[in-house]
Amino acid sequence: METLVVDHPLVAHKLTTLRNKETDSSTFRRLADELVTLLAYEATRGVRVAPVDIVTPVAQTQGVRLTDPQPLIVPILRAGLGMLDGMIRLLPTAEVGFLGMVRNEETLAATTYAERLPADLSGRQCYVVDPMLATGGTLAAAIDFLVSRGADDITAVTLLAAPEGIKALENALAGVDAPVRLVTAALDEKLNEKGYIVPGLGDAGDRLYGVAG
């Protein structure tokens with residue numbers, strides 16, 4: 001698995017405000033959206049294109065266009081929804097699927113409770129978006145689900161990652177034939193005893209949308 005930690009001052013600046021516990025939900029959502037657009041620029045460097053002939057107001061030339069089938073963006077519910085607009089901004093023709101996954105807070109294992117994806121993902125490049133790569137279980141399960149449906153090129157985009165999560169993800173995907181890349185804004189120090197990233201930014205879903213219930 002290839003891992004890219006995006007080193008850019010604007011990424012670091014926005015991430016600093018996201019980490020701050022005083023940042024309110026509306027500001028958090030806006031900055032997360034802006035940050036994802038910056039990450040998407042790096043994440044889509046390998047998007048598949050084909051040559052196309054066009055005519056400018058001056059002359060004929062050759063450019064490129066995204067190939068079919070179009071890329072698929074897959075936010076992991078619910079926190080991944082906060083990253084969707086930032087991805088679509090750079091990939092407006094992409095299709096969108098959804099995976100609902102929940103982590104057992106005692107075992108830290110992830111299970112799928114809902115999905116809305118094409119039955120056949122053969123030949124599709126998929127971009128999985130989830131704010132946090134903590135224990136790695138949720139992302140590994142999501143990628144395994146996509147591969148089982150035929151996805152042959154997967155990029156995961158996260159705001160933060162923990163070393164334990166990256167290692168666990170690499171181990172879980174050791175037998176996966178499809179190339180997998182991870183693009184993240186920062187590699188943090190560690191996980192705490194509850195499986196949260198340190199220093200992290202807290203529960204991304206709660207900070208995006210508030211605490212339900």
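Contact is defined here as heavy atoms lying within 4.5 Å. By this definition, G136 is in contact with G165 and L169, leaving aside its neighbours within four places in sequence. The structure is a predicted model, in which local features need pLDDT of at least 70 and side-chain atom pairs count only at pLDDT 80 or more, while totals for chains, interfaces and linings use all residues. Residues are numbered from 1 along each chain as its sequence is written, and side-chain values use heavy atoms, with hydrogens and water left out.

Helices (H or I, at least four residues) and strands (E, at least two) are DSSP runs numbered from the N terminus. G136 is placed in the loop between strand 9 and helix 4. T135 lies in the loop between strand 9 (132–133) and helix 4 (137–148). A residue is called buried under 20% relative accessible area, exposed over 50%, and partly exposed in between (1.4 Å probe, protein chains only). G136 counts as buried because its relative accessibility is 5%, and T135 is buried with a relative accessible area of 17%. The T135 side chain makes a polar contact, reaching the backbone nitrogen of G137 at 3.5 Å. Such a contact is a pair of N or O atoms within 3.5 Å; within protein, one must be able to donate a hydrogen and the other to accept it, and residues adjacent in sequence count only if both atoms are side-chain atoms.

In an unreviewed UniProt entry, the annotation "binding site" covers residues including T135, G136 and G137. UniProt also places a "binding site" feature, again from an unreviewed entry, at I197, G202, D203 and A204. UniProt positions are given in the numbering used here, feature names are shortened, and annotations may be inferred rather than shown by experiment. I197 is found in strand 14 (residues 197–198) and is buried, with a relative accessible area of 8%. Leaving aside neighbours within four places in sequence, the contacts of I197 include M132, L133, A134 and L160. G202 is in the loop between strand 14 and helix 6 and is partly exposed, since its relative accessible area is 37%.

A nonpolar core is a set of buried Ala, Val, Leu, Ile, Met, Phe, Trp, Tyr and Cys residues joined through side-chain atoms within 4.5 Å. The largest such core has 36 residues, and those with the most contacts inside it are L15, L18, L35, L39, M87 and L201. At least two residues of this core come from each of helix 1 (9–19), helix 2 (25–43), helix 3 (84–90), strand 8 (125–129) and helix 6 (204–209). Helix 2 gives the most to this core, with 8 residues. Another core, of 27 residues, lies apart from it and has L121, C126, L139 and L146 among its members.

T155 is found in strand 10 (residues 153–158) and is buried, because its relative accessibility is 1%. Its contacts, leaving aside neighbours within four places in sequence, are A43, C126, Y127, V128, R181 and V183. L84, found in helix 3, is also buried, with a relative accessible area of 11%. L84 touches I73, P75, V96 and F98, not counting residues up to four places away in sequence.

Two strands pair if DSSP finds at least two bridges between them. Strand 2 (residues 49–55) pairs with strand 3 (residues 60–66) in the antiparallel sense over 7 bridges. A hairpin of 4 residues joins strand 2 to strand 3, and A50 stands opposite R65 in strand 3.
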